[in-house]
Structures are given as structure tokens and as C-alpha cells.
Amino acid sequence: MMKTVMKVTLAATMMFSSILIQGAAINTVSAAASQSQPVMTDNLIKYGLKKDVELPVTLTAGGLSYTLEKIMIYDGKSKDAQGLIKKYGYDLNGFQYFIWTKITVENKSKSIVQQNAKDLRSKWRMTFGDLSKGEPSAAMPEASYYKSNNKEALWDWKLNPGEKLSTYQGFRYTGEFKCLNVRVDNSGQSISKFIVELK
């Protein structure tokens with residue numbers, strides 16, 4: 001009787017150990033698979049834009065560094081666009097597309113860099129190559145209109161020397177998608193870069 005109990009116990013222990021080992025192996029494989037999946041930084045191909053340069057892209061002019069980390073183009077009536085529009089209080093004002101960007105800006109100069117009531121000039125812009133429709137325009141988020149340097153939905157901002165800000169910014173656009181060019185202008189200097197070349 002004792003031998004039978006010992007055999008049953010030993011068999012159960014071995015089976016439990018096997019299950020634990022297999023479970024650990026499955027978890028390890030799952031973790032490795034999730035780590036190998038690329039992070040989605042854009043949906044440009046959906047609009048016929050094949051990248052010539054991978055994101056993130058950094059441009060620096062006049063001591064202002066601008067990094068475009070992520071860009072998503074949404075039809076203004078889509079669920080994704082409407083979710084952001086309602087959450088942050090954007091107004092498309094009849095524009096067809098809502099463009100959502102993740103950016104990091106850093107002041108590497110020795111002077112204050114800002115875009116607000118004291119300095120209304122846009123420091124960065126983008127174009128999709130449809131000059132007849134103009135450039136995408138920055139959309140104002142009512143939820144953070146009075147919150148400078150907002151990290152969820154940018155409007156007014158001010159960077160002291162050495163200061164860095166990672167945030168999100170919305171744009172409105174109506175037109176064709178022929179290319180994607182990003183431009184930075186600051187302190188009389190400017191630089192631009194094609195992420196998608198004009199074919």
C-alpha cells in the first residue's frame with residue numbers, strides 16, 4: 001500500500017513539474033514574440049505614402065530640436081479621430097482629415113523658445129505636397145488651451161534653455177497625399193526633411 005501511494009505521489013509530482021516547465025516555456029515564447037513585434041509609428045501606407053526615412057526623425061534649427069516620433073492620419077469621421085476630438089475638444093471646422101502626432105521638442109539654445117501670445121510664429125510645420133490645399137493646420141484643443149506645455153494635447157508652449165517636452169499634437173487637413181515633408185524654423189534658421197519623397 002505504501003509503495004502504491006509513493007508511486008502515485010511521484011507520478012503526480014513529475015506531472016506537475018512538467019506542466020510548470022511547459023508553462024514557463026510558453027510564457028517565454030509569448031514574451032519573445034511580443035518583443036519582436038515592431039512598434040507602429042505611422043499608418044502612412046494606408047494613404048499611399050511609402051516612407052523613404054523611418055521614424056523617429058529629428059530636425060534642429062536655431063537651437064530648437066524637433067522629433068517626429070509618430071504620425072497617424074485619420075478620416076475626420078472615423079472612430080479614432082472622433083475619440084481624440086471629443087476627448088480634447090478639437091474642432092475639425094470642415095476639414096477632411098485629423099492628423100495625430102507624437103513629438104519631442106528640446107531647446108538647445110541659450111534663449112527662450114516659445115509659441116504663444118508672446119510669439120505667434122509656428123516653429124514647425126508639415127506638408128503633404130498638395131499646394132492647392134495648403135499645409136495641415138494645428139488644431140486647438142479646448143481641454144488644454146490654457147495649459148502651457150501640455151503633455152497630452154499641445155497648444156501654447158514655452159521652453160527655457162535646456163528644457164525638453166514630449167507631447168502630442170493634432171492637425172487638420174483637406175487635400176491629397178503626395179509626400180510628407182517636415183520643416184523647422186527658429187531664430188532665422190530653417191531645415192526641412194522629406195519622410196516621404198515627392199515622386
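Select K164 to begin: this residue is exposed, at 52% relative accessible area (exposed is over 50%, buried under 20%, partly exposed in between, with a 1.4 Å probe and protein chains only). A salt bridge here is a side-chain nitrogen of Lys or Arg within 4 Å of a carboxyl oxygen of Asp or Glu. Because E106 sits in strand β3 and K164 in strand β8, the pair ties together parts that are 58 residues apart in sequence. Strands are DSSP E runs of at least two residues, numbered from the N terminus.

A word on what you're looking at: this is a predicted model, where local features need pLDDT of at least 70 and side-chain atom pairs count only at pLDDT 80 or more, while totals for chains, interfaces and linings use all residues. Residues are numbered from 1 along each chain as its sequence is written, and side-chain values use heavy atoms, leaving out hydrogens and water.

Next, pick R125 and D185. Their closest N and O atoms are 2.9 Å apart, in another salt bridge. R125 is in strand β5 and D185 in strand β9, so this pair ties together parts 60 residues apart in sequence. R125 is partly exposed, at 28%. The whole structure has 10 salt bridges.

Now go inside. Select I71, I73, W124 and F128, which touch the most other members of the largest nonpolar core, a set of 32 residues. Such a core joins buried Ala, Val, Leu, Ile, Met, Phe, Trp, Tyr and Cys residues through side-chain atoms within 4.5 Å. β2 (64-75) is among the strands supplying at least two residues, and gives the largest share, five. Around I73, look for contacts (heavy atoms within 4.5 Å) including L44, Y47, F98 and F177.

Last stop, the surface: M140, Y145 and Y146 form a nonpolar patch with about 360 Å² of accessible area together. Zoom in on Y146, in the loop between β6 (137-138) and β7 (157-159); Y146 is exposed, at 77% relative accessible area. Patch members have over 30% relative accessible area and no salt bridge; like charges are joined within 9 Å, and nonpolar side chains (Val, Leu, Ile, Met, Phe, Trp, Tyr) within 5 Å. The areas come from the Shrake-Rupley method with a 1.4 Å probe, and for residues only the protein chains shown count as cover.

Note on methods
Helix = DSSP H or I, 4+ residues; strand = E, 2+ residues; numbered from the N terminus. Lists of a residue's contacts leave out its neighbours within four places in sequence.
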